[in-house]
Amino acid sequence: PLSAAELKKLDTAQGSKVDEIPIHRGRNLLSAVAPPPHNNNSHRCRIPKEYRLSKHPTSPTYLASFHSGGKIISTLAQALTGIATTNQVNYARRRTDHSVLFETHYPLHGALQLQDDEHFRGAILLLRNPITAILASFNAFYARQYHYLIDIRAPSEDWIRYRDSAQFAAQVKLYENFVIYWMNKYKRNRQDLLLITYEGLTGGRGAIFTKQIGNFLDKSEGITIIDPDSIPCIWEKYVHDKWYPDDGGGGGGGDNDASSTTSTTRSFQERSDDRPLTKDQLRMVSRMLQSLNDRYGSDDQFSTIMNSYMNSLYDYSEVA
């Protein structure tokens, strides 16, 4: 288990002193903490019963995610502000100008690029270990292909066929281009870009990163966090209770709602032994991460995240 000193350093993984965080081979420190106990005061949470577009114009924020994971932040943002999010499915200029977030996967194929975004507050870039991100994407593709109503864990043999095809290398390149686009977009205005990791947000210290999201959104025009004191229990309700098994050792926090998708992606991270990569594939991912680190290594927070991902690659080796 992590020591108290390591946990203290871990709390700053997405803060200003990220260079102090130790990196251990085969262990991702952005998620290597135990879940906190349930909040017995959760009934005191101030959570809106419904989310609506603001009656007044807002300065929305991009929520950029590679294929998946953004729904968690979208849900948290709505609970924190009471203002609805928008995406390219329900996109309209008026709706965007009255929303808290605009969800996007741009520049991935099929994603909508907004031509006029001067009124945007900035962007939240959700980073995720590229291997688990690609796994989650493949899982969702498999579910759609066979008409499942919820995400399921695709069979191992289907994954192996996919990873050995040209598609895997293509996804690795798409991941790199996705990160480059958003890092470059806010290169001159780094204060307008908030980096959040999927592993950190869904890990035991996720409430800390939820507070960062709240603080970032609270600086947007026309957007106010309803109750900052409710941030920990909002995270617990929408992330913790859906992510970790209940105290009785049962399943997650739901039947066929968002918890089903969450528990699926969680299983990818826990059971990487039957989702291995070859040495050549690991080298491919490692070179891509190193290239991103070389390009943006002066950003301490970004560099810490990339190093954490590189050090976790050992977990996916066929000879682990």
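So, a nonpolar core here means a set of buried Ala, Val, Leu, Ile, Met, Phe, Trp, Tyr and Cys residues joined through side-chain atoms within 4.5 Å. Keep that in mind, and keep in mind too that we're looking at a predicted model.

Okay, the core. The largest one has 44 residues, and the members that touch the most others are Leu125, Leu127, Leu289, Leu292, Phe302 and Met306. Who's contributing? Two or more residues come from each of β1, β4, α4, α5, α6, β5, α11 and α12. The largest share is from α6, which puts in eight residues. And there's a second, separate core, with 27 residues, including Leu101, Ile223, Trp235 and Val239. In general, nonpolar side chains in soluble globular proteins tend to be buried together.

Let me zoom in on Leu125. What is Leu125 in contact with, once we leave aside its neighbours within four places in sequence? The list is Ala64, Phe178, Trp182, Met183, Leu193, Leu194, Leu195 and Ile196.

Next up, the disulfide. There's one in the structure, and it joins Cys45 to Cys233, with the sulfurs 1.5 Å apart. Cys45 sits in the loop between α1 and β1, while Cys233 is in helix α9, so the bond ties together parts that lie 188 residues apart in sequence. Are these cysteines buried or exposed? Cys45 has a relative accessible area of 15%, so with the cut-off for buried at under 20%, it counts as buried. Cys233 is at 6%, so that one is buried as well.

Now a helix, α8, running over residues 206-218. From first C-alpha to last, this 13-residue helix reaches 18 Å, close to the 18 Å expected at 1.5 Å a residue. Its buried residues are Gly206, Phe209, Thr210, Gln212, Ile213, Gly214, Phe216 and Leu217. As you'll remember, an α-helix has 3.6 residues a turn, so residues three or four places apart point the same way. Have a look at that list with the helix on screen.

Where is the cis peptide bond? It runs from Tyr106 to Pro107, with omega near 15 degrees, and Pro107 is in the loop between β3 and β4. The other one is His67, a residue other than glycine with a positive phi, near 70 degrees. You'll find His67 in the loop between β1 and α2. His67 is partly exposed, at 28% relative accessible area.

That's my tour. Over to you.

Notes. Residues numbered from 1 in each chain as written. Predicted model: local features only at pLDDT ≥ 70, side-chain atom pairs only at ≥ 80, totals over all residues. Heavy atoms only, no water. Helix = DSSP H or I, 4+ residues; strand = E, 2+ residues; numbered from the N terminus. Buried < 20%, exposed > 50% of the residue type's maximum accessible area, 1.4 Å probe, protein only. Expected span 1.5 Å × (residues − 1). Contact = heavy atoms within 4.5 Å. Disulfide = S-S within 2.5 Å.
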